[in-house]
Amino acid sequence: MSIRKIAQLAGVSTTTVSRVLNNHPYVTDDKREKVLSVMAEIDYVPNKNAINLSNGQSGVIGVVVPYTRNSCYDQLIESILEEATKNHKKVMLLPTYFDKKLEKEYYTLLRDKTVDGIIVSSKTHDDQFLKELNQFGSIITTEKTKVEDIISVYPDRVKIYHNLFNYIANLTTFDSLFITVTRPKKQSFSTEIKMNLFQEYFPFKKVEDSFISGISTYNDAYLLGKRLFKSNKSPIIYSNGDEVAAGFYQAATELGLKNRKDYYLIGEDNQLFSQMLSIDTVDFQLKTVGKTAVKKLLSGSKGNSVIDAEFIKRGTNH
């Protein structure tokens, strides 16, 4: 049934019915009661999509993620879901698998008002592209960008990498150093930051010898670890995730090697893997990042938020 029919039955204008459906404050109590009474009598169920469109809002937040199989994104997504639900918003997950064309299609949801805003956890398009999208709605990234106009909520990677690389540079009982990343420097700003600081602390090491890209899962690390541990004595491995670190740990264990004695392993994201296996890790505080991103998106507040990360040392050899 249309709102025109409800208006006729209640003896009010269609504007009044629309205001009641949208909880508009400028409706007298008696008219509101008449409309609600008719709706109850005919068992009318409002079309939420139509209501949201009339308000210019969908009540949905889009979240661009590369994939959902990685434990670090689990933390971020969980915190976004919790905060959005608290604010009566729905979340639409938009996995890209680093497909540039697919990611671009997702951004049309903002232009078409299918979503009220988008939180970008990882991107393939450059920052200038996101800046151009800002005219259609709110965009917040959880990575530092190179364009000031884009609002970001991100962990202070520069500060934590300084602390971590300074710590590693002073370790004298280990030899080679390997750092795994998902994407190479030209595709990831985070990798670019990590590589630049690596060169500052290890000027005599070749970046191409130490950085290994394309590693994102337990199995990737397990297979790589089998090769690295056989050909390198006392290596330090800084892995891009605790799940990845667990793969290295398993490979080393099968070869009879012990962490902190025969090799030294560092993970990321402070997941259950590192707690169970007593692996040192970098906590990027992704839960705080996710909640803060939702709050900024919903409030429309400007300016970036930088979240302090933490290097968590476990075990007894520190």
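Below is a short exchange of questions and answers on this model.

User: Before we start, what kind of model is this, and what pLDDT do side-chain atom pairs need?

Analyst: Residues are numbered from 1 along each chain as its sequence is written, and side-chain values use heavy atoms, with hydrogens and water left out. This is a predicted model in which totals for chains, interfaces and linings use all residues, local features need pLDDT of at least 70, and side-chain atom pairs count only at pLDDT 80 or more.

User: Happy with that. What is the volume of the largest cavity?

Analyst: Rolling a probe the size of a water molecule over the atoms shows where empty space is left. Here a cavity is a set of points on a 1 Å grid over the protein atoms alone where a 1.4 Å probe fits but cannot get out; points are joined across faces, edges and corners, and a volume is the space filled by probe spheres set on the points. The structure holds one cavity of 30 Å³ or more. The volume of the largest cavity is about 470 Å³.

User: Which helices give two or more residues to its lining?

Analyst: Lining residues have an atom within 4 Å of a point, and the largest cavity has 26 of them, with Cys72, Tyr73, Glu143, Arg157 and Ser190 nearest its centre. Helices (H or I, at least four residues) and strands (E, at least two) are DSSP runs, numbered from the N terminus. The elements that give two or more residues to this lining are helix 5, helix 8 (157–169), helix 9 (189–201) and helix 14 (286–299).

User: How many charged residues line the second largest pocket?

Analyst: A pocket is an open set of points with protein on both sides within 12 Å along at least five of seven lines. The second largest pocket has a volume of about 290 Å³, and Asp126, Lys186, Gln187, Ser188 and Phe189 are the closest to its centre among 15 lining residues. Ala, Val, Leu, Ile, Met, Phe, Trp, Tyr, Cys and Pro count as nonpolar, Asp, Glu, Lys and Arg as charged, and the others, Gly among them, as polar. The lining has one nonpolar residue and four polar ones, and its charged residues number 10.

User: Is strand 5 (residues 151–155) largely enclosed or open, and which residues point opposite to Ile151, Val153 and Pro155?

Analyst: Buried means under 20% relative accessible area, exposed over 50%, and partly exposed in between (1.4 Å probe, protein chains only). Five of the five residues of strand 5 are buried, so it is largely enclosed by the rest of the structure. In a regular strand the side chains alternate between the two faces of the sheet. Ile151, Val153 and Pro155 point one way from strand 5, and pointing the other way are Ser152 and Tyr154.

User: Which backbone nitrogen does the side chain of Ser239 reach?

Analyst: Ser239 is found in the loop between strand 8 (236–238) and helix 12 (242–254), and Ser239 is buried at a relative accessible area of 0%. Contact means heavy atoms within 4.5 Å; not counting residues up to four places away in sequence, Ser239 touches residues including Thr180, Phe248 and Leu265. At 3.5 Å, the side chain of Ser239 reaches the backbone nitrogen of Ala245.

User: Last one: is His88 buried or exposed?

Analyst: Most residues other than glycine have a negative phi. Phi of His88 is positive, near 60 degrees, and His88 sits in the loop between helix 5 (71–86) and strand 2 (90–95). Ser234 also has a positive phi, of about 50 degrees, and counts as buried at 14% relative accessibility. At 73% relative accessibility, His88 counts as exposed.

Terms used. A polar contact is a pair of N or O atoms within 3.5 Å; within protein, one must be able to donate a hydrogen and the other to accept it, and residues adjacent in sequence count only if both atoms are side-chain atoms.
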